[in-house]
Amino acid sequence: MSIIERIFECFHKNNIEYCHWKSTNHLKETYQAITDIDILVGRNMVADCQNIFSQFQVTELQTVYLRSYPGIHDYLLFDQELGWVHFHLHYQLNLGDRWSKNYHFPYETAILSNRVYDKQFKTFTVNPLDELYLFLMRMILKYDNPMRSQQIKEELMFLLNRVEVINESALSIDNTAFSFDEINLCEVDECIKSFNKIRANIKATAIKKYRRYNYVRYKGNVLVRMVYRYYIEFLRRILKRFSIGRRRLRSGGRLVVFLGTDGSGKSTNSQLAKIQFSKQINTTEVFLGSGESGANLLRKTIFKIYGKRRYTGNWHKTEARKSKGNLFFFWHYLTLMNKFSELKKMIVAKGNGNLVLIDRWPNQAQALTDGLRLDNLKAKNKFQEYVINSEKRFSSEVNRIN
């Protein structure tokens, strides 16, 4: 039994009032975690759902404001068998175009009361007639010409096959928006023609009462959200910046440290983790070592000119820690400034609720790896003393963070 099945089994044992309220033609993909799991849940079930999710270590996430909607909560789990499992808990029905979801249909209680049990997948789904009506409303509000999509046509055919008799008196929803009599449901092509005829009337008059924003605010909201989305996609796809635009950890940022000796795969595993987690969560990489991996432009240039071991080759060795010149301290000063910059990035990312992947962690007990390297040296001048004290301050600040 997969973790998704076990979670829904727990829902049933705890009498959670829920149902899959859309795209029931994808229930197989839902249980395989190929698609997101969209379920409508009773408003009085919020605390119960959170308790069940906590038992399965499902984490609640915070979606950025310009990509969030009222009454929808995000929960995420990474499962070794299924990969990402993403729950959308809908406590209210928000419909509309892809950018704003400007309409709220206040029929949550009625739809949940009319739900049906799917024996094949052992889960509750929306009543077929309710889903057909919601599907047509969603498509009318979301697209200008939805039936150009073969995928939408296939879903419509699936829904029509599920509905044996069109009995509008059995609807849980107030059907003042449109009547099934206005749409020819006998054939898909005829359905499309009649469907397109009523679109303008529905958007203009019948569902004004469900709008969350007036026309001006709605258009402004669409523009802002669209620009933001394209900006985020530019950052992620072109600039490879993954620290903003996705979801935050609602409980606060979390630090994950990769430790090990040189060549053990710290950087490789950190990169793999970034690729996996940045798909769903704001992820920031931090390097707190002294090598080339997280070096800034100046240090990378020096490494390139002089080689990776030009200044660091023998400094890990205890017997080499004797009297050092100003060039040695200057190199460590540059390294420390780089580390302080990474430390600041780590603090900001954690404060913003990001997942922070840290390559190396200064450890005073392990001086031969990432511990204090200047601790046993005696300063000959003020500059050397300043560098030694800076290293101690850096170590102290890092170990204060948890």
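**Entry 1: Asp74 and Arg247**

I began with Asp74, which forms a salt bridge with Arg247; the closest N and O atoms are 2.8 Å apart. I then placed the two partners along the chain. Asp74 sits in strand 4 (residues 72–79), and Arg247 sits in the loop between helix 8 (215–237) and strand 10 (248–249). The partners are 173 residues apart, and the pair links distant parts of the chain. I looked up burial next. Asp74 and Arg247 are both buried. I note here that this is a predicted model.

**Entry 2: the count**

How many salt bridges does the structure hold? I get nine.

**Entry 3: Lys345 and Glu342**

I went to helix 11 (residues 326–351), which holds both Lys345 and Glu342. They lie three residues apart, about one turn of the helix. Their side chains meet in a salt bridge, 3.4 Å from N to O. Are these residues buried or partly exposed? Lys345 is partly exposed, because its relative accessibility is 35%. Glu342 counts as buried, because its relative accessibility is 11%. The cut-off I applied to Glu342 is that buried means under 20%.

**Entry 4: Arg393 and Glu397**

I moved on to helix 12 (residues 382–398). Arg393 and Glu397 both lie in helix 12, four residues apart, about one turn of the helix. I read 3.6 Å, N to O, for the salt bridge in which their side chains meet. Arg393 has 39% relative accessibility, so I list Arg393 as partly exposed. Glu397 has 25%, so Glu397 goes down as partly exposed.

**Entry 5: a network**

I also looked for shared partners.

**Entry 6: a nonpolar patch**

I turned from charges to the nonpolar surface. Phe234, Ile238 and Leu239 form a nonpolar patch there. Together they have about 300 Å² of accessible area. I followed up on Ile238. Where is Ile238 found? I find Ile238 in the loop between helix 8 and strand 10. Arg247 of my first entry is in the loop between helix 8 and strand 10 too. Why do I call Ile238 exposed? Its relative accessible area is 55%, and exposed means over 50%.

**Entry 7: looking back**

I close with the pairs. Asp74 and Arg247 are both buried.

Methods. Residues numbered from 1 in each chain as written. Predicted model: local features only at pLDDT ≥ 70, side-chain atom pairs only at ≥ 80, totals over all residues. Heavy atoms only, no water. Salt bridge = Lys/Arg side-chain N within 4 Å of Asp/Glu carboxyl O. Helix = DSSP H or I, 4+ residues; strand = E, 2+ residues; numbered from the N terminus. Buried < 20%, exposed > 50% of the residue type's maximum accessible area, 1.4 Å probe, protein only. Patch = residues over 30% accessible without salt bridge, like charges linked within 9 Å, V, L, I, M, F, W, Y side chains within 5 Å. Areas by Shrake-Rupley, 256 points an atom, 1.4 Å probe, with all protein chains shown as cover.
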